[in-house]
Amino acid sequence: MSTLRLAVVGAGPAGAYTTAALLAQLGGDLEVDLLDRLPTPWGLVRSGVAPDHPQIRTVSRVFERTLDHPAVRFLGGVEAGPLLTHDDLREHYDAVVYATGAPSDRQPDIPGVELPGSITAGRLARWYNAHPAAADERLDLDVDQAVVVGNGNVALDCARILVRDPVQLQSTDIADPALSALAGSRIRHVVVLGRRAPAHAAFTHAELQELGRLPGVDVTIDAPSLDGTGPSLDTLRALANRPGSPHNRRLTLRFQVAPVAVRGDARVDALDIVHTELRDGQFHPTDRTERLDCGLVVHAVGFRGRPIPGLPFDDRLGRIPHTAGRVAPGTYVAGWAKRGPAGVVGSNKRCAVETVAAVLEDLRTGNLRAHGHDREVTLAFLRDRNPYLTTREGWRRIDAAEVAAGVSTGRPRVRFPTLSGLLAAAGRY
Ligand code: NAP
């Protein structure tokens with residue numbers, strides 16, 4: 001019997017856990033190509049997780065062990081899309097697992113959202129994490145007040161990074177341009193807006209508690225009511241009763257207010273909001289509105305998957321339709337592309353196991369078979385389609401160079417801010 005050859009498209013946590021689950025559950029005669037459009041693997045662990053959360057990034061050590069497996073190849077600079085279609089991949093692999101995440105940033109459908117100074121949380125995260133797509137980003141932080149729209153953990157990440165004393169970011173792997181911009185930031189007050197009541201907030205308790213521990217930052221709570229039970233409400237009540245200092249920066253968590261319009265001429269100078277009330281189990285806008293002065297609005301209202309040419313796509317849910325990870329025999333999906341943008345890094349582990357169970361089932365029933373593809377022929381084909389193809393060795397060179405650059409300043413790594421810098425470090429040029 002010949003070797004079963006699979007492509008896992010997307011080397012984020014979902015792709016890494018899927019590769020590990022394939023190795024663990026299929027064992028034996030198996031080869032996996034882990035493809036990513038960037039020369040760097042680990043997706044949101046590298047370019048989404050906030051730099052002041054280094055412990056979350058440590059999961060990449062587990063992923064590195066998967067990459068060390070001789071049956072696994074990492075191939076960077078390879079993007080599934082119009083130039084590398086689903087049919088192309090099916091021609092060269094026995095099965096393809098899409099772990100392409102939810103790469104489109106959502107933003108509220110309100111007037112003024114396109115004004116300079118109105119940005120998505122994804123854009124802010126790519127900037128502070130030195131994602132190559134943010135290489136030309138120049139954020140104007142010469143403003144007193146910023147507003148973050150949304151009440152999930154991404155909103156809290158954005159708020160923390162904007163309000164924190166930048167001195168505390170100096171020992172992290174934050175992008176250098178972001179560190180310099182934050183060091184010169186004039187922002188003294190960050191307001192986070194939740195359209196529902198505190199009990200309905202999407203953020204988790206640990207992330208809320210962390211806000212109360214930020215040195216030099218006072219937290220203010222503004223909600224119609226803090227009644228109710230649960231750890232987050234206990235913490236909100238405790239935060240609401242803490243004395244502040246006029247010298248501190250300020251973070252305000254406002255509840256039951258929704259954005260209505262971003263205001264400004266050449267750039268943002270205010271956000272109009274409307275108060276909401278609970279009626280028939282839902283939060284509805286009232287006729288009470290307000291204008292919040294601010295020079296920066298960050299929309300942290302979630303993400304969407306992106307269609308893959310040749311695959312079905314559920315436009316309403318923003319993800320690839322599937323049954324327990326199977327799109328069709330030979331085509332599978334894992335992670336946010338499968339479940340939508342929810343859950344922590346570790347949630348992808350169980351999700352990957354389910355998808356790999358579908359692969360196993362198709363093998364068992366004969367719906368999936370090895371066709372004896374040649375690994376080197378596939379590589380030559382991918383190189384032909386993707387002129388900037390990089391390998392595991394390239395990534396290891398980038399990693400070593402970034403880590404070495406951080407040593408003298410006590411930082412975990414100093415990131416290359418551009419794609420050409422990454423490719424040069426990978427030995428591609
Ligand atoms: P999320 O948890 O789904 O939160 C999205 C927020 O946006 C919700 O508060 C939602 O309010 C709000 N929203 C949506 N549309 C809105 C609109 N038009 N106007 C105002 N508000 C709107 O998504 P996320 O924060 O992007 O996080 C994605 C996933 O990553 C989550 O599972 C999160 O826990 C995880 N994550 C974890 C960490 C961590 O562990 N530290 C860090 C970052 C992200 P409603 O609830 O009212 O819809």
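Author: Let's start with strand β12 (residues 270-279), which pairs with β13 in the antiparallel sense over 9 bridges. Two strands count as paired if DSSP finds at least two bridges between them, and strands (E, at least two residues) and helices (H or I, at least four residues) are DSSP runs numbered from the N terminus. Keep in mind that this is a predicted model, where local features need pLDDT of at least 70, side-chain atom pairs count only at pLDDT 80 or more, and totals for chains, interfaces and linings use all residues. Residues are numbered from 1 along each chain as its sequence is written, and side-chain values use heavy atoms, with hydrogens and water left out.

Now trace the pairing residue by residue. Val274 has Thr289 in β13 as its bridge partner, and Glu277 stands opposite His284, also in β13. β12 and β13 make a hairpin, with 2 residues between the strands. In that turn, Asp280 has a positive phi of about 50 degrees.

Domain 1 puts 10 residues into their contact and domain 2 puts in 16; contact here means heavy atoms within 4.5 Å.

There's another sheet to find. It is open too, with 7 strands in the order β16-β17-β4-β1-β2-β3-β18 and mixed pairing. β16 (326-328) and β18 (390-391) take the edges, each with a single partner strand, so one side of each is left without a neighbour in the sheet. β16 pairs with β17 (residues 331-333) in the antiparallel sense over 2 bridges, and there Arg326 stands opposite Tyr332 in β17. Helix α13 (residues 375-385) lies across β1 (4-9), β2 (30-35) and β3 (72-76), at about 10 degrees to β3. Such angles run from 0 to 180 degrees between N-to-C directions, with axes fitted to C-alpha atoms, for helices over the stretch in contact.

Helix α1 (residues 13-26) and helix α12 (residues 347-364) have axes that come within 8 Å and cross at roughly 45 degrees. Among the residues that meet are Tyr17 and Leu22 in α1, and Val353 and Leu360 in α12. By class, that contact has 13 nonpolar, 3 polar and 1 charged residues (Ala, Val, Leu, Ile, Met, Phe, Trp, Tyr, Cys and Pro count as nonpolar, Asp, Glu, Lys and Arg as charged, and the others, Gly among them, as polar).

Helix α4 (residues 60-68) and helix α14 (residues 392-407) have axes that come within 11 Å and cross at roughly 145 degrees. Here Glu64, Leu67 and Asp68 in α4 meet Arg392, Trp395 and Arg396 in α14. That contact has 2 nonpolar, no polar and 4 charged residues.
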